[in-house]
Amino acid sequence: GEKVLVELLLENPLQIRLFLGNAALLWEYKPDENEADGDEMDGRESCVVSEVLEEVIIPPATTKPLRLSLTPHRPGTVNIIGLVYNLKARGINGGDDDDDGAQQKSLLQNRNRSKSNLHRILSVGVRGKQIVYCKGPRLNRDKKERSTMAYGPDHRLNLAVAPATAQLKATFSEFPDVLLCGEVRLVQLELSNA
């Protein structure tokens with residue numbers, strides 16, 4: 001049940017703002033062998049809960065960090081594969097101060113389309129996915145590996161989820177806010193098994 005934070009750098013090389021909607025981590029869950037045999041799984045969604053960002057705006061010609069989280073609820077292995085999102089056309093969708101977007105919207109309304117057709121046209125978006133590729137450590141064991149650009153496997157985005165265990169909680173009482181250099185103070189440490 002612990003939250004895992006992943007930070008991705010999103011780069012917008014274009015000269016226009018990009019609007020991403022429903023951005024979430026793309027992951028794969030594999031249960032433990034003994035966990036899968038014990039009881040029937042409630043479905044993939046109950047094993048891992050992923051945070052979904054409703055809207056992300058990336059300014060033109062910039063790189064923006066994006067923090068997403070997921071929370072595994074069952075023991076097993078979670079492999080983070082990449083990012084999924086909806087690329088939105090905000091100029092047509094409205095809510096932007098672009099004159100071009102307002103002109104396109106008024107043109108669509110002037111064509112005497114029905115409300116359902118107009119709503120379908122105004123909610124333009126494309127579902128996208130970006131797979132994350134990470135190189136492992138550079139291999140230098142023998143002459144062949146040193147002469148070629150050989151890399152080992154990367155396991156930074158492969159999470160092993162262990163069953164819930166007891167947690168040790170530590171609290172300090174009468175801990176001072178400010179200490180002088182070399183000052184010694186007596187504090188009380190309270191440990192509890194949560």
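Where is Glu174 found?

## Glu174 and its loop

In this predicted model, Glu174 is found in the loop between β9 (168-173) and β10 (188-193), where helices (H or I, at least four residues) and strands (E, at least two) are DSSP runs, numbered from the N terminus. Glu174 has a positive phi of about 55°, although it is not a glycine. At 68% relative accessibility, Glu174 counts as exposed, given that exposed means over 50% relative accessible area, buried under 20%, and partly exposed in between (1.4 Å probe, protein chains only).

## An open sheet of three strands

Three strands, in the order β1-β5-β3, form an open sheet with antiparallel pairing; two strands pair if DSSP finds at least two bridges between them. Because β1 (4-12) and β3 (48-50) each have a single partner strand, they stand at the edges, and one side of each is left without a neighbour in the sheet. From one strand to the next the twist averages 25°, with axes taken as lines fitted to C-alpha atoms and angles running from 0 to 180 degrees between N-to-C directions.

Strand β5 (residues 62-72) is joined to β3 by three bridges, and the two run antiparallel. Ser50 stands opposite Leu70 in β5.

Ala61 lies in the loop between β4 (53-58) and β5. Ala61 has a positive phi of about 55° and is not a glycine.

## Basis of the values

Residues are numbered from 1 along each chain as its sequence is written, and side-chain values use heavy atoms, with hydrogens and water left out. Local features need pLDDT of at least 70 and side-chain atom pairs count only at pLDDT 80 or more, whereas totals for chains, interfaces and linings use all residues.
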